[in-house]
Amino acid sequence: MNANQFLKAVAQLQGWRECAFLLALAERSFPNYALFADAVGLKTGAKMRQLLDLAWDMLQKEASEAAIPQLLSKLETLSPNVDDYDAYGVYPAFDFCQLLEQALLNRLNPNKHRATEASQLATATVMNFIEMSEGEDLPEDELVRLLDHHPLMKEDKMFQRDLVLELKRQRVPKESFIAELKAQAANDGVSNLGIAPDS
(Lines give C-alpha, C1' and ligand atoms only; values in the text may rest on other atoms or scores of the structure.)
Protein backbone atom coordinates (compact mmCIF):
# COMPACT_ATOMS: atom_id res chain seq x y z
CA MET A 1 0.00 0.00 0.00
CA ASN A 2 1.68 3.21 -1.12
CA ALA A 3 1.08 6.66 0.36
CA ASN A 4 -1.71 7.53 -2.09
CA GLN A 5 -3.50 4.22 -1.57
CA PHE A 6 -3.23 4.71 2.18
CA LEU A 7 -4.74 8.21 2.01
CA LYS A 8 -7.54 6.93 -0.18
CA ALA A 9 -8.23 4.02 2.18
CA VAL A 10 -8.35 6.37 5.19
CA ALA A 11 -10.68 8.71 3.33
CA GLN A 12 -13.03 5.79 2.67
CA LEU A 13 -13.34 4.80 6.33
CA GLN A 14 -16.82 5.40 7.72
CA GLY A 15 -19.20 4.27 10.45
CA TRP A 16 -17.79 1.98 13.11
CA ARG A 17 -14.57 1.51 11.11
CA GLU A 18 -13.77 5.20 11.23
CA CYS A 19 -14.57 5.35 14.93
CA ALA A 20 -12.36 2.31 15.61
CA PHE A 21 -9.53 3.90 13.62
CA LEU A 22 -9.78 7.10 15.67
CA LEU A 23 -9.89 5.16 18.94
CA ALA A 24 -6.88 3.07 17.96
CA LEU A 25 -4.86 6.23 17.23
CA ALA A 26 -5.91 7.62 20.61
CA GLU A 27 -5.07 4.33 22.34
CA ARG A 28 -1.56 4.32 20.82
CA SER A 29 -0.90 7.84 22.09
CA PHE A 30 -2.51 7.41 25.54
CA PRO A 31 0.83 6.81 27.35
CA ASN A 32 1.93 10.30 26.22
CA TYR A 33 -0.94 11.73 28.26
CA ALA A 34 -0.44 9.39 31.22
CA LEU A 35 3.28 10.19 31.46
CA PHE A 36 2.73 13.92 31.19
CA ALA A 37 -0.05 13.91 33.82
CA ASP A 38 2.22 11.94 36.13
CA ALA A 39 5.25 14.15 35.51
CA VAL A 40 3.43 17.37 36.37
CA GLY A 41 1.50 15.89 39.29
CA LEU A 42 -1.96 15.87 37.71
CA LYS A 43 -4.09 13.10 39.15
CA THR A 44 -5.98 12.63 35.90
CA GLY A 45 -4.33 9.58 34.27
CA ALA A 46 -6.77 7.02 35.69
CA LYS A 47 -9.81 9.18 34.88
CA MET A 48 -8.64 9.60 31.31
CA ARG A 49 -8.02 5.85 31.02
CA GLN A 50 -11.59 5.27 32.15
CA LEU A 51 -12.87 7.75 29.57
CA LEU A 52 -10.94 6.05 26.78
CA ASP A 53 -12.28 2.64 27.85
CA LEU A 54 -15.84 3.99 27.84
CA ALA A 55 -15.32 5.27 24.31
CA TRP A 56 -14.14 1.79 23.23
CA ASP A 57 -17.21 0.23 24.87
CA MET A 58 -19.43 2.44 22.74
CA LEU A 59 -18.26 0.68 19.60
CA GLN A 60 -20.20 -2.35 20.79
CA LYS A 61 -23.25 -0.58 22.17
CA GLU A 62 -25.51 2.19 21.00
CA ALA A 63 -24.56 5.26 23.00
CA SER A 64 -27.38 7.39 24.31
CA GLU A 65 -27.63 10.89 22.86
CA ALA A 66 -26.81 12.40 26.25
CA ALA A 67 -23.80 10.19 26.99
CA ILE A 68 -21.43 11.61 24.36
CA PRO A 69 -21.76 15.32 25.32
CA GLN A 70 -21.14 14.28 28.95
CA LEU A 71 -17.97 12.44 27.94
CA LEU A 72 -16.86 15.38 25.80
CA SER A 73 -17.23 17.82 28.67
CA LYS A 74 -15.37 15.43 30.96
CA LEU A 75 -12.61 15.22 28.36
CA GLU A 76 -12.43 19.00 28.29
CA THR A 77 -11.88 19.18 32.05
CA LEU A 78 -9.11 16.55 31.82
CA SER A 79 -7.33 18.15 28.84
CA PRO A 80 -4.25 20.22 29.68
CA ASN A 81 -4.00 23.80 28.47
CA VAL A 82 -0.76 23.96 26.48
CA ASP A 83 -0.16 27.56 27.57
CA ASP A 84 -0.07 26.54 31.24
CA TYR A 85 3.03 24.35 30.98
CA ASP A 86 6.66 24.78 29.97
CA ALA A 87 7.17 21.06 29.54
CA TYR A 88 7.28 19.73 25.96
CA GLY A 89 5.19 16.74 27.09
CA VAL A 90 2.04 18.87 27.16
CA TYR A 91 1.93 18.83 23.34
CA PRO A 92 1.77 15.04 22.81
CA ALA A 93 -0.63 14.87 25.78
CA PHE A 94 -2.89 17.46 24.17
CA ASP A 95 -2.65 15.65 20.80
CA PHE A 96 -3.98 12.52 22.52
CA CYS A 97 -6.93 14.54 23.87
CA GLN A 98 -7.70 15.79 20.37
CA LEU A 99 -7.69 12.26 18.97
CA LEU A 100 -10.07 11.04 21.66
CA GLU A 101 -12.27 14.07 21.06
CA GLN A 102 -12.46 13.19 17.34
CA ALA A 103 -13.52 9.63 18.22
CA LEU A 104 -16.30 10.91 20.49
CA LEU A 105 -17.42 13.54 17.97
CA ASN A 106 -17.55 10.77 15.38
CA ARG A 107 -20.25 9.06 17.43
CA LEU A 108 -22.15 12.32 17.73
CA ASN A 109 -21.94 13.16 14.04
CA PRO A 110 -20.85 10.10 12.01
CA ASN A 111 -21.41 11.91 8.69
CA LYS A 112 -18.44 14.24 9.14
CA HIS A 113 -15.20 12.57 8.03
CA ARG A 114 -12.46 12.85 10.67
CA ALA A 115 -10.03 10.00 10.03
CA THR A 116 -7.75 11.78 7.54
CA GLU A 117 -7.10 14.73 9.83
CA ALA A 118 -6.62 12.46 12.85
CA SER A 119 -4.15 10.30 10.94
CA GLN A 120 -2.13 13.41 10.07
CA LEU A 121 -2.31 14.66 13.65
CA ALA A 122 -0.99 11.35 15.02
CA THR A 123 1.89 11.42 12.52
CA ALA A 124 2.64 15.08 13.30
CA THR A 125 2.98 14.18 17.01
CA VAL A 126 5.77 11.77 16.07
CA MET A 127 7.42 14.21 13.63
CA ASN A 128 7.45 17.05 16.13
CA PHE A 129 8.89 14.80 18.82
CA ILE A 130 11.75 13.64 16.55
CA GLU A 131 12.44 17.19 15.46
CA MET A 132 12.49 18.39 19.07
CA SER A 133 14.64 15.54 20.40
CA GLU A 134 17.04 14.89 17.51
CA GLY A 135 16.64 17.51 14.81
CA GLU A 136 16.92 20.87 16.59
CA ASP A 137 19.89 22.32 14.70
CA LEU A 138 19.75 20.24 11.54
CA PRO A 139 19.50 21.92 8.14
CA GLU A 140 16.21 21.28 6.31
CA ASP A 141 17.46 18.49 4.02
CA GLU A 142 19.04 16.55 6.88
CA LEU A 143 15.90 16.92 8.95
CA VAL A 144 13.84 15.53 6.07
CA ARG A 145 16.26 12.59 5.83
CA LEU A 146 16.08 12.02 9.58
CA LEU A 147 12.29 11.94 9.48
CA ASP A 148 12.21 9.70 6.40
CA HIS A 149 14.39 7.05 7.98
CA HIS A 150 13.48 7.34 11.64
CA PRO A 151 12.24 4.08 13.22
CA LEU A 152 9.41 5.90 15.03
CA MET A 153 8.13 7.30 11.72
CA LYS A 154 8.33 3.87 10.09
CA GLU A 155 6.51 2.33 13.02
CA ASP A 156 3.75 4.95 12.91
CA LYS A 157 3.29 4.38 9.18
CA MET A 158 3.14 0.60 9.58
CA PHE A 159 0.75 0.80 12.52
CA GLN A 160 -1.67 3.07 10.66
CA ARG A 161 -1.52 1.05 7.43
CA ASP A 162 -2.06 -2.28 9.19
CA LEU A 163 -4.95 -0.71 11.08
CA VAL A 164 -6.68 0.43 7.89
CA LEU A 165 -6.18 -2.94 6.22
CA GLU A 166 -7.60 -4.83 9.20
CA LEU A 167 -10.60 -2.53 9.39
CA LYS A 168 -11.29 -2.91 5.68
CA ARG A 169 -11.21 -6.70 5.98
CA GLN A 170 -13.55 -6.87 8.97
CA ARG A 171 -17.26 -6.91 8.15
CA VAL A 172 -18.77 -6.30 11.57
CA PRO A 173 -17.34 -4.94 14.84
CA LYS A 174 -17.21 -8.27 16.69
CA GLU A 175 -16.20 -8.06 20.31
CA SER A 176 -13.16 -10.29 19.78
CA PHE A 177 -11.97 -8.17 16.83
CA ILE A 178 -12.34 -4.90 18.75
CA ALA A 179 -10.53 -6.38 21.77
CA GLU A 180 -7.66 -7.47 19.52
CA LEU A 181 -7.55 -4.08 17.80
CA LYS A 182 -7.43 -2.31 21.15
CA ALA A 183 -4.63 -4.57 22.40
CA GLN A 184 -2.59 -4.02 19.23
CA ALA A 185 -3.06 -0.26 19.48
CA ALA A 186 -2.09 -0.32 23.18
CA ASN A 187 1.26 -1.82 22.08
CA ASP A 188 2.07 -3.11 25.59
CA GLY A 189 1.89 0.43 26.91
CA VAL A 190 4.48 1.86 24.50
CA SER A 191 3.24 5.00 22.76
CA ASN A 192 3.81 6.24 19.22
CA LEU A 193 6.77 8.18 20.64
CA GLY A 194 8.36 4.97 21.88
CA ILE A 195 7.80 5.86 25.53
CA ALA A 196 5.98 3.98 28.26
CA PRO A 197 5.09 4.67 31.89
CA ASP A 198 7.35 2.76 34.28
CA SER A 199 5.48 -0.33 35.27
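This is a predicted model: local features need pLDDT of at least 70, side-chain atom pairs count only at pLDDT 80 or more; totals for chains, interfaces and linings use all residues.
**Entry 1: Glu27**

I looked up where Glu27 sits and found it in helix 2, residues 15-39. Is Glu27 buried or exposed? Its relative accessibility is 4%, so I put Glu27 down as buried, the cut-off being under 20%. I then listed its contacts, leaving out neighbours within four places in sequence. What remains is Arg49, Leu52, Trp56, Lys182, Ala185 and Ala186.

**Entry 2: helix 2 against helix 8**

I recorded an angle and a distance here, because two packed helices are described by the angle between their axes and the distance between the axes. Helix 8 covers residues 151-169, and its axis comes within 10 Å of that of helix 2. The two axes cross at roughly 150°. Angles over 145 degrees count as roughly antiparallel, so I noted helix 2 as roughly antiparallel to helix 8. The crossing of helix 2 past helix 8 is right-handed.

Which residues make the contact? From helix 2 I listed Trp16, Arg17, Ala20, Phe21, Ala24, Leu25 and Arg28. From helix 8 I listed Phe159, Gln160, Leu163, Val164, Leu167 and Lys168. Sorted by class, this contact between helix 2 and helix 8 has nine nonpolar residues, one polar residue and three charged residues.

**Entry 3: aromatic pairs**

How many aromatic pairs does the structure hold? I have six on record. Among them is the pair of Tyr88 and Tyr91, with ring centres 5.9 Å apart and planes at 50°, which is tilted. I checked accessibility for both residues. Tyr88 is at 25% and counts as partly exposed; Tyr91, with a relative accessible area of 42%, is also partly exposed.

Tyr88 also pairs with Phe129. This pair is tilted, with 6.5 Å centre to centre and 40° between the planes.

Last, I looked for rings linked into a cluster. Phe30, Tyr33 and Phe96 are joined in this way by ring pairs.

Definitions and conventions:
Residues are numbered from 1 along each chain as its sequence is written. Side-chain values use heavy atoms; hydrogens and water are left out. Helices (H or I, at least four residues) and strands (E, at least two) are DSSP runs, numbered from the N terminus. Buried means under 20% relative accessible area, exposed over 50%, partly exposed in between (1.4 Å probe, protein chains only). Contact means heavy atoms within 4.5 Å. Axes are lines fitted to C-alpha atoms, for helices over the stretch in contact, and angles run from 0 to 180 degrees between N-to-C directions. Angles under 35 degrees count as roughly parallel, over 145 as roughly antiparallel, 65 to 115 as roughly perpendicular and the rest as oblique. A crossing is left-handed if the near helix is turned anticlockwise from the far one by less than a right angle, and right-handed if clockwise. Ala, Val, Leu, Ile, Met, Phe, Trp, Tyr, Cys and Pro count as nonpolar, Asp, Glu, Lys and Arg as charged, and the others, Gly among them, as polar. Rings of Phe, Tyr and Trp (its six-membered ring) pair if their centres lie within 6.5 Å; planes under 30 degrees apart count as stacked, over 60 as edge-to-face and the rest as tilted.
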